Amino acid sequence: MVCLLKFSAFAFQGINPHASNLTPSTSSLQATTIKKDALGYSLASKHRSMTGQTKRKSILSGELKSVQIQEALPEGLKPELMPKHIAIIMDGHRRWANERGLTMQLGHTTGGRVIKERVFLCCKWGIEGLSVFAFSTENWGRPKDEVDFLMNLFEEEIRTDLEEFTRKNVRISVIGDKSKLPKSLQESIATAEDTTRGNIGLHLMMALNYSGRYDIMKASRSIASKVKDGFLQVEDINETLFQNELETKCVEFPNPDLLIRTSGEQRISNFFLWQLAYSEVYFPEKKFPDFEEKDFIEALSSFQKRNRRYGGNE
Amino acid sequence: MAFTNESHNLDLNAVTDLICWCKQLGIKYITLYDDLGKLKGNQKDLFRCLDYKASLLDGNNNHPLTKTNGNGYTRPRANGTPSESINYIKGLTILSKQEGRQKFVRDIKNLLTVEPDRIDIELVQKHIGWTSDPEMLVTFGTKQCLFGFPPWQLRLTEIFSLPSHRNITYKTFIDCLEKYSRTTQRLGA
C-alpha cells in the first residue's frame, strides 16, 4: 500500500516512470528501497551497498522534501561518502592519439565516447552533478582544423545524445561564453537546455569557452550593476551572494566535492577557480580516452578514503 | 605552500626548514597558508625559529641574536624578532582562509565605485592580484584539497601533494621541485 502511494506521488509530479533510472526493473527495486524523509516513514531497504540520488520536489501537501532512488554501487564504495558534484578536466586526447599514431580527431572522438559512459555511470550511482571542462577560452589558440573539429563534435554529440540523456533524466546546462560559438552549436545547446530543463536526474554542466577568471569577473560586474541600480546594498555582498552570481548558480551544489584531471597534469588551468576552493583534487596519470570505469571507481575510492578519515565533511 | 589538514599539528621546525630551503634555492616569494590561521597566530614563534635557523645557516656563532652556552650551543634570542633572518622573511607571506574568498569579496567591494562596464579581468587583477601568481603549490596533509587558498591566484599553478610537512626531508622537497621542473604548460594550445 505504501509502495503504491509512492508510485502515485511520482505520477502526480509528472516524473516519467519509464525514464531509464525508473525502468520497470528499477521500479521494482524502488518499491522496496525508496526512502522518503520529512514524512516520518521509510521503507525497508535491501541489505547491500546502495547510493542515493536525492531530488527535491514538492507535492500537493508540500511535505515531501526528497525522494531517494537507489542503485547498486561497486563493491567498496559507500553511498554516504559519494561526492554530490564531480568536476572533470578531460585532458590528454592529443597525446593519447600521438602515442598510438592516431589522428587528433580520433583522440577527441574517443574522449567523447568515454565521457558519455562516465555520465551514465554518474546517473547510475546517484551523483547529482557532473561538470566537464570541454573547451577553455585558451583553446581558441589551437590549430583551426582542430577547433573546427571540436565545435562540430560538440554539436553532433549534443544532438545525437539528447534523446538518451532525456531518457536517463539528465539535465544539460552549458556554461561559458556561448556567444563566440558557431551559431549552429548555439542552437543545439539551446535546444538541449530547453528540452532537458525539467529533468531531475544528473545535472551535466559542460563548460564551453569557459574561463574561471572571466566567470569571477562577470559575477563582479553583475554585482556592480545591481548595486548601481539599487537592487543590492554593498553591505549585502558576501561569499554566498557572490557565488550565486557565478555561472554555476544553475546547479544545486555549485562547488564540486571532487576534481579529477587526467593525463598527470596537476593544475586547474583556469577552470572553476572559485568553485574548487575546497574540492578534493585527484590527478590520475592516464590520458582521458583511457579513463575507464575502473579508473573512475579508483578516483571515487580515493575520495572516500580521504573523507572517511575526517568524518566525510570539511 | 599550503598546510591543508595539518593546521592543528604544525611543526614550526619543519616549516622553517622549508622556508630556508626555498630561500637557499633562490625562491623569491613564499606564501604559507593554513586555513585555520595557526601560522599567523604563531608568527612570533615562527620568526624566532626562523631566526635561529638563519643564524645556523649563516654560521654566525657570534651573532648577537644567539647566545652560546657553556657547550658552544647556540640559542635563539628570547624575543624572537627577526633581524639576521631578514633575508629569509623577505618575500614571505603568511595567509589563512580570511585571505581566500572572504578577502576577495572585501576587495571586490572596492570595485563597486567603478562603472560596471569598465570592470574587466585586468581591473579585477589590479585590485586583488598579487605581484605574481604562484607557479607551484605544495599541499601537505592526507586530504589533497586547496582548503580555501586564494582562488584567483591559482589559474596556472602546478599543484603537488605531500602526505605531511612533519619530518619532511630535503630530498622529498627537491623531488617535488624536480617534478615541477619537468612540467610543460601548453596554456590551452
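1. Start where the chains cross: helix 7 (residues 212–228) of chain A and helix 6 (residues 121–128) of chain B have axes that come within 9 Å and cross at roughly 85°. That makes helix 7 of chain A roughly perpendicular to helix 6 of chain B (the label covers 65 to 115 degrees; under 35 is roughly parallel, over 145 roughly antiparallel, the rest oblique). The contact (heavy atoms within 4.5 Å) involves A:R213, A:Y214 and A:M217 on helix 7 of chain A, and B:I121, B:V124 and B:Q125 on helix 6 of chain B. Sorted by class, those residues are four nonpolar, one polar and one charged.

2. Some housekeeping. This is a predicted model, where local features need pLDDT of at least 70, side-chain atom pairs count only at pLDDT 80 or more, and totals for chains, interfaces and linings use all residues. Residues are numbered from 1 along each chain as its sequence is written, chains are lettered from A in the order in which they are written, and side-chain values use heavy atoms, with hydrogens and water left out.

3. Now the whole interface. Chain A puts 46 residues into the contact and chain B 42. About 4100 Å² is buried between chain A and chain B, 58% of it from carbon and sulfur atoms (buried area being the accessible area, 1.4 Å probe, that two parts lose on being put together, summed over both). On the chain A side, A:R213, A:R267 and A:Y278 supply 19% of the area buried against chain B, more than any other three residues.

4. Charge pairs: there are five salt bridges between chain A and chain B (a side-chain nitrogen of Lys or Arg within 4 Å of a carboxyl oxygen of Asp or Glu). A salt bridge joins the side chains of A:K228 and B:E115, at 2.5 Å from N to O.

5. Helix 5 of chain A has another neighbour: helix 4 (residues 104–125) of chain A, whose axis comes within 11 Å of the helix 5 axis and crosses it at roughly 30°. So helix 4 of chain A is roughly parallel to helix 5 of chain A. Among the contact residues are A:R113 and A:K116 of helix 4 of chain A, plus A:E157 and A:D161 of helix 5 of chain A. This contact has seven nonpolar, four polar and seven charged residues.

Key: Axes are lines fitted to C-alpha atoms, for helices over the stretch in contact, and angles run from 0 to 180 degrees between N-to-C directions. Helices (H or I, at least four residues) and strands (E, at least two) are DSSP runs, numbered from the N terminus. Ala, Val, Leu, Ile, Met, Phe, Trp, Tyr, Cys and Pro count as nonpolar, Asp, Glu, Lys and Arg as charged, and the others, Gly among them, as polar.
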